[in-house]
Amino acid sequence: MTDLPALLVAAPLVGSVVVMLAGLVRSESGWPVAAVASLVQTGIAAALAVRAFGPDPVRYVVGGFDAPFGIELVVDGVSATMAVLVAVVALGVLGYARAAGPRSNAFYATYLLLVAGLSGMSVTGDVFNMYVFLEITGLAAYALVASGEGGRSARAALKYLLVGTIGASLFLLGIGFAYVATGTLNMADLSTQLAAVGYASPLVQASFGLLVVGLFVKIAVFPVHTWQPAAYAGAPDSVSALISALVSTIAAYALIRLVFTVFTVDFLLTNAFAQTVLIAGAIVSIVVGSVLAVAQQEVKRMLAYSSVSQFGLVVGAIAVANGTALTGAVIHLVGHAIMKGGLFLTSGLVASATGARTVDDYRGLAERFSAGAAVFGVLALAMVGVPPAIGFVGKWYIALGAVEAGSWPLAVVILGSTLLTLAYFARIIERMFFREPATDTTTDTPLVTDGEGSEAGGSDADPSVVSVGMQTTVLLAAVLAIVLGVAAFEYGQLLEPTIERLLA
Amino acid sequence: MIEFFAARVYYLVSFLLLGVGTYMMIGSPNLVKKVIGMNVFQTGIFLFFIVIAFVEGASPPLLTAPAPYVSPLPHVLILTAIVVGVSLTAVALGLIVRIYDEYGTLNEEAIQKVVGDD
């Protein structure tokens, strides 16, 4: 039982190898093995979470080398939340991918590799180890994006690879600067040593800058978000759901970990400029991401730009650096993963059932495919922040935190972001519920179009491919988005000791 | 001024490589050259790590050798980073093969013309 943190990372890794080996014997064995590995992973994450919410974080020494020299795994409330989130979302998307996704064994092996990388990033307590897991996550994500058909997904994956590698390399350079300043890589040790070096030292400041910019690329904050729309739109539906729900989320978690565990709040207080840059990045992301989302025709691209805006909120909460905002950041990360993953899955479901992939194709969807339209509507409203959905709770805490900190420009933008989010979701909701299907109008393209968008998903519009598993997953996402909203305030209290420790 | 730079020539070279790599990735329309640019960029970072481990007149970190020792940790880190870099290059080249099969060219601008802005 005490080896749980290590097993959390090992389970999907072993599963990935088993999928490959089993595939040599029987080509149909990929999904069951992946499902078992994912179930085991979820169990481990849940067991870990039960212990991690206690007064002290769970610490695990890897390979018998003690803390400052060896690699340490540390699980506190926030990391346990992320570990459970990764496991649950991966399990859910796996249920969807059985009928919808690419079915090859190579796909399932890469899928589990991505889960291993993400779990590793959530529990590691060593900055270089975090870089390695960041690259494992990245490599698996590039390969998964490329698992779609046609040249579009390959081009999207290459773009993602080039931009993502620059981000990860800057992260590595930042680690190098921190190592030069202190001579250690352990997060807990770094935080005391960096304080001893002094937060005004140029080495420490440069290290912070490089680490933050590197993670900004991975989170897809505005000026460095360019890989994201292409990658999400070019990937198969199950892959875009998994990546949109988890990869940027865990990168944002890494930013929380670096800012609060490694550099601490005192660094932000000493360097007001760093805090200003973080807040400015957040504001620009929220506004520009929303504006770009409104301008999109393809639904998956619109959802991708929406992520740019939503992660702006999380970065804003990190920059504000008080307990309320940080609680909001964690809740919004969980909520965004459920809602955005669910929205991508629903858009894939709608595309499989009706062939609709652009905003105009969604005209009159409520009549043609009412279940899909209903779920999409619920998730979209949850994203806008209609209570009692979880999207509301996250935004509420973040806005409250910004007000508490007296950061007025950010508070105004966060409150306004609800309207901005509504701006792009209202277009779709209006078309789905209040317009006639496009068949009887002359100006529009026919429903089942093989024009733009169909390249990403291959052969569209075959209602027989909509499986029970796909529908159940999508429905669960919508239910979770509401139920978690009700439970989130209690969760916020549960998180309190962890947040206090982060801010101490 | 000259001594200031001469004492830091290794750092200058590694950051020069970062610049060259970035320029190749942005400036060259050829996809393979973009990947080579990425490699140059990463090599700059590898060299930076190797330079920070250097200690004037130190011996390798063996118990039989006299002190002072060179720090072995950055070298170990860079071995890991090199493995990551090789894997990334492999994935990138695999993707480039697929792109070439699909479009028949490696020129980014030519592909852009065929598919429009995507």
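Residues 75–97 of chain B are 100% helix and 0% strand, with end C-alpha atoms 33 Å apart. An unreviewed UniProt entry places the feature "transmembrane region" at residues 6–26 and 75–97 of chain B.

The confidence scores give a background for reading these values. Chain B averages a pLDDT of 87, and 98% of its residues score at least 70. For the model, ipTM is 0.92 and pTM is 0.90. In general, where pLDDT is low, the predicted coordinates should not be read in detail.

## Helix H2 of chain B

Helix H2 of chain B covers residues 9–27, a run of 19 residues. From its first C-alpha to its last, H2(B) reaches 26 Å, which is close to the 27 Å expected at 1.5 Å a residue. Which residues of H2(B) are buried? They are B:Ser14, B:Leu18, B:Gly21 and B:Met25. Seen down the axis of H2(B), the buried residues fall within an arc of 70°, so they line one face of the helix.

Against what do the buried residues of H2(B) pack? Their partners are helix H6 (150–182) of chain A and helix H3 (31–52) of chain B.

## A pair of strands in chain A

Strand S1 of chain A comprises residues 58–61, and S1(A) pairs with S2(A) in the antiparallel sense over four bridges. Within this pairing, A:Val61 stands opposite A:Glu72 of S2(A), while A:Arg59 has A:Val74 as its bridge partner in S2(A).

In a regular strand the side chains alternate between the two faces of the sheet. Strand S1(A) has a covered face, formed by A:Val58 and A:Tyr60, and an uncovered face, formed by A:Arg59 and A:Val61. In strand S2 (residues 72–75) of chain A, A:Glu72 and A:Val74 point one way and A:Leu73 and A:Val75 the other way, yet all of these are buried.

## The annotated domain of chain A

A further UniProt annotation, also from an unreviewed entry, reads "domain: NADH:quinone oxidoreductase/Mrp antiporter transmembrane" and covers residues 125–421 of chain A. Over residues 125–421 the chain is 84% helix and 0% strand, and the end C-alpha atoms are 35 Å apart.

## Backbone features in the loops of chain A

Most residues other than glycine have a negative phi, and most peptide bonds are trans. A:Ala220 has a positive phi of about 70° although it is not a glycine. A:Ala220 lies in the loop between helix H8 (202–219) and helix H9 (227–234) of chain A. Is A:Ala220 buried or exposed? With a relative accessible area of 0%, A:Ala220 is buried.

A:Ala321 also has a positive phi, near 60°, in a residue other than glycine. The loop that holds A:Ala321 runs between helix H12 (299–320) and helix H13 (323–354) of chain A. A:Ala321 is buried as well, with a relative accessible area of 14%. A cis peptide bond joins A:Pro387 and A:Pro388, with omega about 5°. A:Pro388 is found in the loop between helix H15 (370–384) and helix H16 (390–404) of chain A.

## Two threonines in helices of chain A

A:Thr42 belongs to helix H2 (residues 30–52) of chain A. Why does A:Thr42 count as buried? The reason is its relative accessibility of 18%, which falls under the 20% limit for a buried residue. Leaving aside neighbours within four places in sequence, A:Thr42 is in contact with A:Ala87, A:Val88 and A:Leu91.

A:Thr472 is placed in helix H19 (residues 468–494) of chain A. At 41% relative accessibility, A:Thr472 counts as partly exposed. Although A:Thr472 and A:Val40 are 432 residues apart along the chain, their C-alpha atoms are separated by 21 Å.

Conventions
Residues numbered from 1 in each chain as written. Chains lettered and ligands numbered in written order. Predicted model: local features only at pLDDT ≥ 70, side-chain atom pairs only at ≥ 80, totals over all residues. Heavy atoms only, no water. Buried < 20%, exposed > 50% of the residue type's maximum accessible area, 1.4 Å probe, protein only. Pairing = 2+ DSSP bridges. UniProt positions renumbered as here; feature names shortened; annotations may be inferred. Contact = heavy atoms within 4.5 Å. Expected span 1.5 Å × (residues − 1). Arc of directions from axis to C-beta. pLDDT = per-residue confidence, 0-100.
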